[in-house]
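Dear colleague,

I am handing over the structure below, followed by an account of what was found in it. Please read the notes with the coordinates open beside them.

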Amino acid sequence: MQMLLGIFPNLDKISVCENLPHIVTSCRQLGIEPCLPQEIAQNYACRAYSVENLASMQNFAVAMSLGGDGTLLRMTHYTAPLDIPVFGVNFGKLGFLTEVELPQLAESLQRIVAGDYTLEQRSMLQAKIFQEARKIVEVQALNDIVLAKGHFSRLARLSVKIGGQKSANYPSDGLIVATATGSTAYSLAAGGPIVYPGLDVSILTPICAHALHTRPLLIPMAEQIEIKALPPYEELLLSADGVIIKSLAEDERVVIKKSPCSTRFIRINPLTYYETWQQKLRRGEDSTKF
């Protein structure tokens, strides 16, 4: 029986579109059945899936993203609830989450077919917005949940409780709650620490804090975090893995805790995190040079 591979391509990247026909051909040569988004599947005579219908993905043996870290993050929103192992092919710049570079893809697919890989479990966060006791929104995130002021808002004042106990008030432009996986994303840019991705922790990092005592805080992921805006109220936007979910109303609060979902990453390369993180950070610095 052929392995069914769900392919999540970033079709906004020219390099992805150019290489997709070769990738589909390589899959078939290796005895892998590729499955593509329904809007393009017919062009390649492939099976199709729809992100609007999780049932269309439930038979994936593995899911593969083609793009950068953002493409992989979007893919995990669909694959994590189905517990599908994932890996990413890097067509971006930094590639902290992506496992494979394009020249390695054929060899990597061969190893996946042969079962020559390991699986690495990564915890995720769950955020819920409540209006009194009524749940308004629920969302999962692999990297981070961010509550930040709108474009024309003034300083945000956020009250934070951890484990039901008042922790601190944050006068800032917002607050990032990141996983260990997300420690090298927005949290790092805001001054947060780099955290080994296997740790089961949450990182609270204020954005442009307006008080010297507000520093990044590392806590066990088992602890529930509750965030509420203090008056005078200004517009606040909740986002999950970079996608804006909702504008927070004045009488709403955000509750963040460990998600029941997790992401299983396929690991093919023998290099460890300690060997690669500086290399990837330098790649990010090089990408900013013009």
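Methionine 75 sits in helix H3, which covers residues 69-79, and since this is a predicted model, what follows describes computed values throughout. Because its relative accessibility is 1%, and buried means under 20%, methionine 75 counts as buried. If neighbours within four places in sequence are set aside, the contacts of methionine 75 are Phe8, Ala63, Met64, Ser65, Val86 and Phe87. One of these, methionine 64, is 11 residues away from methionine 75 in sequence, with a C-alpha to C-alpha separation of 8.3 Å.

Turning to the nonpolar cores, the largest has 28 residues, of which Ile145, Leu204, Ile227, Val254 and Ile256 touch the most other members. Strand E10 (residues 156-162) supplies the largest share of this core, namely four residues. Another core, of 25 residues, lies apart from it and includes Leu20, Ile23, Cys27 and Ile268. As for valine 254, its contacts, again leaving aside neighbours within four places in sequence, are Ala127, Lys128, Ile129, Leu147, Ile225, Glu226, Ile227, Leu238 and Leu248.

With best wishes

Notes
Residues are numbered from 1 along each chain as its sequence is written. This is a predicted model: local features need pLDDT of at least 70, side-chain atom pairs count only at pLDDT 80 or more; totals for chains, interfaces and linings use all residues. Side-chain values use heavy atoms; hydrogens and water are left out. Helices (H or I, at least four residues) and strands (E, at least two) are DSSP runs, numbered from the N terminus. Buried means under 20% relative accessible area, exposed over 50%, partly exposed in between (1.4 Å probe, protein chains only). Contact means heavy atoms within 4.5 Å. A nonpolar core is a set of buried Ala, Val, Leu, Ile, Met, Phe, Trp, Tyr and Cys residues joined through side-chain atoms within 4.5 Å.
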